[in-house]
Amino acid sequence: MQSLRLRAAIALLVVLLGLAFMLPSLPGVKDSSLGNILPGNGINLGLDLKGGIYLTLGVDMKTAMDNNLARLGDDLKASAREQDVYILRPTVLNESAITVTLIKAEQKDAFESVIKDYTPFAIEQATPLDGDKVKYVLSVPPKYRSEIEKLTMDQAIKTIRNRIDQFGVAEPDIRKQQDNRIQVQLPGLEDPERAIKIIGQTAHLEFKMVDDSADLKKAQQGILAPGREMSVLLHRQANGSYAESPIVLKRDAVLTGEYVSDAQVRLDQWNNAYVALTFNARGAKIFTDLTAENVNKRMAIVLDGKVYSAPVIRERISGGKASITGNFTREEARDLAVVLRAGSLPAPVTILEQRSVGPSLGQESIDSGVMSAMVGMALVLLCMVVYYGFGGVVADIVLLLNIMLIMGGLAAFGATLTLPGIAGIILTIGMAVDANVIIYERIREELRRGLSAKQSVAEGYGRATLTILDANVTTVIAAIILYQFGTGPIRGFAVTLTLGIITSMFTAIFVSRILFDLYLKNRADNAKLSV
Amino acid sequence: MGLQIIKPNTNLDFIGIRKVAFILSAILILAGLGSLLIKGGPKYGIDFAGGMIVQVKIDKATDVNAIKDAVDELKLPGLIVQSLGLEGDHEYLIRTSSSAISSEEVRAKINTALSDNLGTSFEIQRLEMVGPKVGADLRSQALEALFYAVLLIAVYISGRFEQRWTAAAVMAAGLAGGVYGIGLLGLDMGWLILVALVITVGLCWYLKLNYALGAVAALIHDVIITVGLFSIMNKEFDLTIIAALLTIVGYSLNDTIIVFDRIRENTIAKQGKMSFGSIINLSVNQTLSRTIMTSATTLLVVLCLFVMGGSVIHDFALALLIGITVGTYSSIFVASPVLYGFGPSEHPEAEAEA
């Protein structure tokens, strides 16, 4: 029994490690002086336990590609003009191609070298049209597309993260998922709808000139001058809702949200909230020139396609400041400032999945989960002692140890404890005794065969170990698959189950054996054993 | 020595009464399948069907119909109101099949409808929305999970128990290929699982992987009965129930393997001295104390979960309760008789005693 001391030392080390990681999870320990020297911060609680929001957002990649191609088309037009090559405004054909018309056929070579030098486009087709024009179909390579998709996803995630940071949520979790999806977890949030609104708003800010000369009646019938578009002007009603009236805008944005460096909520002299914008240096210059050129005209402030206000420019505005008024409530103005500061989403997002759990349900869940665990455990502990005597005491000790190790393990691996996770622990309690039961039944058999206590213990452990291993591997397989395919709470369950099986094998096979060996160490060979 | 439930040298004739057990299992399976057939398949929760649920806790006991009347004017498609959890919880679930309306709108509407009509305070505790696309994805993920679980476990048992990893690999390849082929036909989840299972059983039978056959048969038996009983009780299937089913798969196998391990050991020890049927009987009896003790302790804790665990894990616990009971029964009355029916493994002597 020389190795007994070594085995005991190993067990003690693991126990101490487990204890060190588990203790910070207990209320009171974390903030005490003991908590400061212990590693880690305790177990993370899942959303179902502390309340919060879980969202799956789908990024509208088609719109992102359309926007991107439209911008590339504008760039192409600008680059061509610099070389004195003139083309009509390009239009987006589909998700990977645009069409563009060259005005003079003799500039064909010059135009094609512009395409080659300044854009990622490849020429798919060039068709001569009447009147010396050439119509081109230009496409982007698939590699470019996937690059744009990746950039769009990254930017969307960054923007959402910025917004959430400004909204002030502790420990948000934002992840990219397959199929252009983003998973957002916000623990402990009081007002889920407001958060969802902030996250989901595209916040595409544009400044466009209003065309007051247009005939509204005709415009509503769809008759619009080239380069004009219809939009709606929002008016806030007394009851808080918005009414809409039609307005005609020039299509080209004169300035966009990209040039905004800061957005703040301010109150005007009547105590109405508005959003004060500060442009960056480049934006400020554009804005100054623009206001100088357009005195006495109306400029519309367009957010996500809707006009919030369309003030008349009285004079040249220098200093790079503008404001969005719209009879906002203070909260609305604050949220608008948040999204403007954080930047716009590169593409609209839709909410594909949403789960929000109120904090009170979370507390109830913890209480009932912990309560049922305690009662279940107490019953099992009692059963084991009644049924197996000394062996039952050993089984109980290692069972408690097992639970401590699971908690410590969860904390050490930074896993998240969810309600199904608690269920996993409770189930583990039930199944953890299985290993001891298998061993004890074997020991009983050997004792019946007339072997001594020491021999029976050695035989029992020896024979039972492989069986236990076999039986548990299948459960681990099921748990790994759960982890692989499950989301959120189910993963939590899989983690606790796997951890529980590993720790229960360690405690039931390794640690309990040490306790038996210690007990039998100084006893006579014919000593009785209560198992 | 402590207490004993099962006296040593007990020798109950489990193989002898296998026909009674088969009839019992058949009745349970047919009842469940019949219920599924009548109801047109499992009743999917919003995780799989898409839609929205709102869990409301009301201060005093309220009739479900009163809540239904209160929210009826909202004209939510497929509106269902049901009470949740235990009697004293006053928790109710409002469900709509639509995920097209925004959660903000639903929350606001329910808030207004309830405060206008109920005259007591309440709290929206939980709101979940799953879009149709995500629902379909989650459904196929659940299918994959169940499929891979059965596949890997069947492979593991064949390899580990009979030392026939090649046969196990053949089975894995056949199964993966078969399911891939069926998948191309675009069949729905239920059929795919069924086909996967039929292929598994067929391959186990063809390759004479009898231990795997017994274990997989028991596992299918348990899952079908649990699913069937859930259907009979009108319970919904969601992600947590899938978790419960996989746990049952793990537990059922755990139980079966411990019996099989003993059968294998006894087959080697008593070769030529005993009939295979007697060996199985002996092994089941030898492990009976353990089977009963472990099931009892596990059921004890799951019962605590069921009674006191709160509304959110109530159905999860129910599934475990059924599954563990059936799993214990099946390791004695299904897995071993199936193994008996197909005879001992072909190459038991080929394995290394570890």
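Tutor: Helices (H or I, at least four residues) and strands (E, at least two) are DSSP runs, numbered from the N terminus. The model is predicted, and local features need pLDDT of at least 70, side-chain atom pairs pLDDT 80 or more, while totals for chains, interfaces and linings use all residues. Residues are numbered from 1 along each chain as its sequence is written, chains are lettered from A and ligands numbered from 1 in the order written, and side-chain values use heavy atoms, without hydrogens and water.

Let us take one sheet of chain A. Its 3 strands stand in the order E13-E14-E17, forming an open sheet with antiparallel pairing (two strands pair if DSSP finds at least two bridges between them). Strand E13 (260–267) and strand E17 (321–328) of chain A are the edge strands, each pairing on one side only. On average, neighbouring strands are turned by 25 degrees against each other, direction ignored (axes are lines fitted to C-alpha atoms, for helices over the stretch in contact, and angles run from 0 to 180 degrees between N-to-C directions).

Strand E14 (residues 273–279) of chain A is joined to E17(A) by 5 bridges, and the two run antiparallel. Ala273(A), for instance, has Phe328(A) in E17(A) as its bridge partner.

Two helices accompany these strands. Helix H9 (residues 281–293) of chain A packs on the sheet and touches E14 and E17 of chain A, where contact means heavy atoms within 4.5 Å. The direction of H9 makes about 105 degrees with that of E14(A). Helix H10 (residues 330–342) of chain A lies across E13, E14 and E17 of chain A and runs at about 170 degrees to E13(A).
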